[in-house]
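Please open the model in your viewer and keep the selection tool at hand. The tour below goes from one selection to the next and says what is found at each stop.

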Amino acid sequence: MSGEMDALAIVNQLRDLAADPLNRRAIVEDHGCLPGLILFLDHTNPQVVYSALLAVRYLAECRANREKMKDELGMMLSLQNVMQKTEQESSSHHSFCPERWGALQCRALGYLYSSDGPFDFGWRATSPGETKLLASEVYEILQAAGKEEAEQAEAAAASCRRKAQFFLGSTNKRAKTVVLHIDGLDDSARRGMCEEALLKIRGVISFTFQMAVKRCVVRIRSDLKAEALGTAINSTKVLTAQQVLKAEDGGERMVPFHEGEAVAVEENTDIPDYLPEDESPSQDPDKAVTRVGAIGDGSGWLSTAANFLTRSFYW
């Protein structure tokens, strides 16, 4: 009897500590409190089991605790055992028994006398139905913890996909993005050939290469067909392009550009030449831009005014 009272006193202390939201994280992180509560769930005294369930229910109110509590060894199995055991006890208590009558008497006495009176027992009798209901509630909360994390991860991934689509310009009605898989895109020389082919197409806005996977992401005008890109790249006779599309199952599928689908490509004919990398020396210094303060030949107020204007409006 003294052992059961000691267990009840300990589990009541844990229950009171768990009732404070500031203690819940520390209790779960402790190496002994949570395993101890799991052991109390298998106790023979129904009051110890009910008090332990209350403590676990308090701890489960903190969302950060649920995943660790669910993964704790023996937690879910002990809750299942409590539900099964209390269900059997509940069905067997429909008939009269002296023990049940004694519990009802204790509950009646606890109701008649206040907690300040001489009959404060410090506990109340609980029915198997109440214990089963509480165990089921805790079990469902912990069982749903894994689903909540999966839903949050999926929502975060969807948010990342939406952000990526925004930067690719999918919401821009005047432009669209085409992903190409290019066979033969092995080195910088082949990349240069692909660049020249794409630069000749009127309507290509920008493109980036992913050499490791032989991909090219091309941003084009909305009225330009993707087949025009395939026709231009396939015309090199060295590179072969396929369009990368999203499949119904969320994966990717390759759509080749057939020769019969070749379309006329409107080429850019007025592409300016690249500027030379070396700076060419000035050939005619007399026609160079006048530097600040270069007007110094005049004299008097006219020269001063000219220098002032030059310093003020030079850009």
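In which handedness of crossing does α9 pass α10? In this predicted model, α9 passes α10 in a right-handed crossing, and the contact of α9 with α10 comprises 6 nonpolar residues, with no polar and no charged ones. To see the pair, select residues 188–199 for helix α9 and residues 226–234 for helix α10, which pack at an angle of about 135 degrees with their axes 9 Å apart. Angles from 65 to 115 degrees count as roughly perpendicular and those over 145 as roughly antiparallel, and α9 and α10 are therefore oblique to each other. Show the side chains next: C194, A197 and L198 on the α9 side meet L229, A232 and I233 on the α10 side.

Now show the whole open sheet, whose 5 strands follow the order β2-β3-β1-β4-β5 with antiparallel pairing. At its edges stand β2 (204–210) and β5 (252–256), each with a single partner strand, so one side of each has no neighbour in the sheet. Zoom in on β2 and strand β3 (residues 215–221), which run antiparallel and are joined by 6 bridges; there F209 has C216 in β3 as its bridge partner.

Finally, colour the protein chain by pLDDT, for which the mean is 76, with 62% of the residues reaching 70 or more. Confidence is highest in helix α4 (residues 46–60), at a mean of 93, and lowest in helix α7 (residues 98–112), at 48. Where pLDDT is low, the predicted coordinates should not be read in detail.

Key. Residues numbered from 1 in each chain as written. Predicted model: local features only at pLDDT ≥ 70, side-chain atom pairs only at ≥ 80, totals over all residues. Heavy atoms only, no water. Axes fitted to C-alpha atoms, helices over the stretch in contact; angles between N-to-C directions. Helix = DSSP H or I, 4+ residues; strand = E, 2+ residues; numbered from the N terminus. Parallel < 35°, antiparallel > 145°, perpendicular 65-115°, else oblique. Left-handed = near helix turned anticlockwise from the far one by under 90°. Contact = heavy atoms within 4.5 Å. Nonpolar A, V, L, I, M, F, W, Y, C, P; charged D, E, K, R; others polar. pLDDT = per-residue confidence, 0-100. Pairing = 2+ DSSP bridges.
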